[in-house]
Amino acid sequence: MSEAKPFEIPKRLVWDAYRQVRANRGAGGVDGVSMAAFEEDLGGNLYKVWNRMSSGSYHPPPVRLVEIPKSGGGLRPLGIPTIADRVAQTAVKMVLEPMVEPMFHRDSYGYRPGRSALDAVGVARKRCWTFDWVIDLDIKAFFDSIPHDLIERAVAHHTDLAWIRLYVGRWLRAAVERPDGTREERTKGTPQGSPISPILANLFLHYAFDSWMERNHPNVRFERYADDAVVHCRSEGEAQAVLEAIRKRLADCGLELHPTKTKIVYCKDDDRRQEHERVKFDFLGFTFQPRRARNRWGHYFVSFLPAISVQAAKAVRRTIREWRMASTRNNQTLEDLARLINPAVRGWMNYYGRYYRSKCVQVLRQVNVALARWARRKYKRFRRRERASTHWLGRIARRDPNLFVLWQLGIRPEAGE
């Protein structure tokens, strides 16, 4: 490495960062360079990243703004960096993450190695049986609102590596380029979609929320996945007091709780029968609410349980419709459709089928309905015989139950579908 470089950044680090970026794939940024184009001169492009970062002359280009629909309505802004910028950000993340990860809170689950959203849902499920009340927290425009000075102070607290502190500051202030080509300077926030944002968000909320809760409310339990959090309380009075304290704390940190989406919820079941206005909340794609359950002796009772949310179910059905099997895939075989459908169904079932499986199964039956519609469109003999197409699929499911993941799980076509 040249002695003229002010920062000692191993070339191997940039190479390993590129491998992570390549594995995650993703679209190009404002320069229009795809991964394939970047790799046409891979050595030269990686050398440029390393050389500029090592010399202190790396200045990130603007991030490309893409807005995607949110499950609850509205649009979620994502900032897509260029391929080269993703490599640079990932290199910093690979150095910064081992410094901060060990001190993160045990109830922080988002974007952390060995932890998942399902882990957070499972812990919330158990705690809802123990604690009567939940605060459903919703931070308004979290990723767009984080104060830059507080993030930079947190980063500086954990590393004295000047190049990490330098580039984190530059990434925070990188402009956003809108689809019409106009650019917007940023004075706060960190764009979702960039490799460095999750760890910066976790670091910020560790100090703004997690460790503050540990100090000021040590007996109050919570689960947090990025900016999505639920807090468990023993009484309505405690929930109101804790919520006001959290509201003030977050305001001191430059954040605001959503005035209508943040709410206090009563975890109603057979043992908790008071009447309250709110008895359900959504967390990570699941709706927690009173549901019928069966105990070990086969007796039914009402428990407070998570199942696939209405919004998540709508998103699944929308994806099934977007496959447009009946209208655009008439030239394909069932085997072709299985290759399209199986990865998605497997993912949905692994996630939403973990808790209260029957609700997820109910949604996924729509796949069989879509397959029957495809059969009626493809084969003339089924055009006016709806039941016949379903019976035909049922015979295939019995003969080849492993063709579709749905059938492997025992969700077979039925005449009533």
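Biologist: How many bridges join β3 to strand β8 (residues 263-266)?
Modeller: The two strands (DSSP E runs of at least two residues, numbered from the N terminus) run antiparallel. Strands pair if DSSP finds at least two bridges between them. Here the number is 4.

Biologist: Which residue in β8 is the bridge partner of Ile 135?
Modeller: This is a predicted model, where local features need pLDDT of at least 70, side-chain atom pairs need 80 or more, and totals for chains, interfaces and linings use all residues. Residues are numbered from 1 along each chain as its sequence is written, and side-chain values use heavy atoms, without hydrogens or water. The partner in β8 is Ile 264.

Biologist: Why is β3 called largely enclosed by the rest of the structure?
Modeller: Buried means under 20% relative accessible area, exposed over 50%, partly exposed in between (1.4 Å probe, protein chains only). β3 covers residues 133-138 and has 6 residues. It is largely enclosed because the buried ones number 5.

Biologist: What is the centre-to-centre distance of Phe 142 and Phe 143?
Modeller: Phe, Tyr and Trp (six-membered) rings pair if their centres lie within 6.5 Å; planes under 30 degrees apart are stacked, over 60 edge-to-face, the rest tilted. Phe 142 and Phe 143 are edge-to-face at 75 degrees. Their centres are separated by 5.0 Å.

Biologist: Is Phe 142 buried or exposed?
Modeller: Its relative accessibility is 2%. Phe 142 therefore counts as buried.

Biologist: Over which ring does the charged end of Lys 11 sit?
Modeller: The rule takes NZ of Lys or CZ of Arg within 6 Å of the ring centre and within 35 degrees of the ring normal. Lys 11 is 4.7 Å from the centre of the ring of Trp 50.
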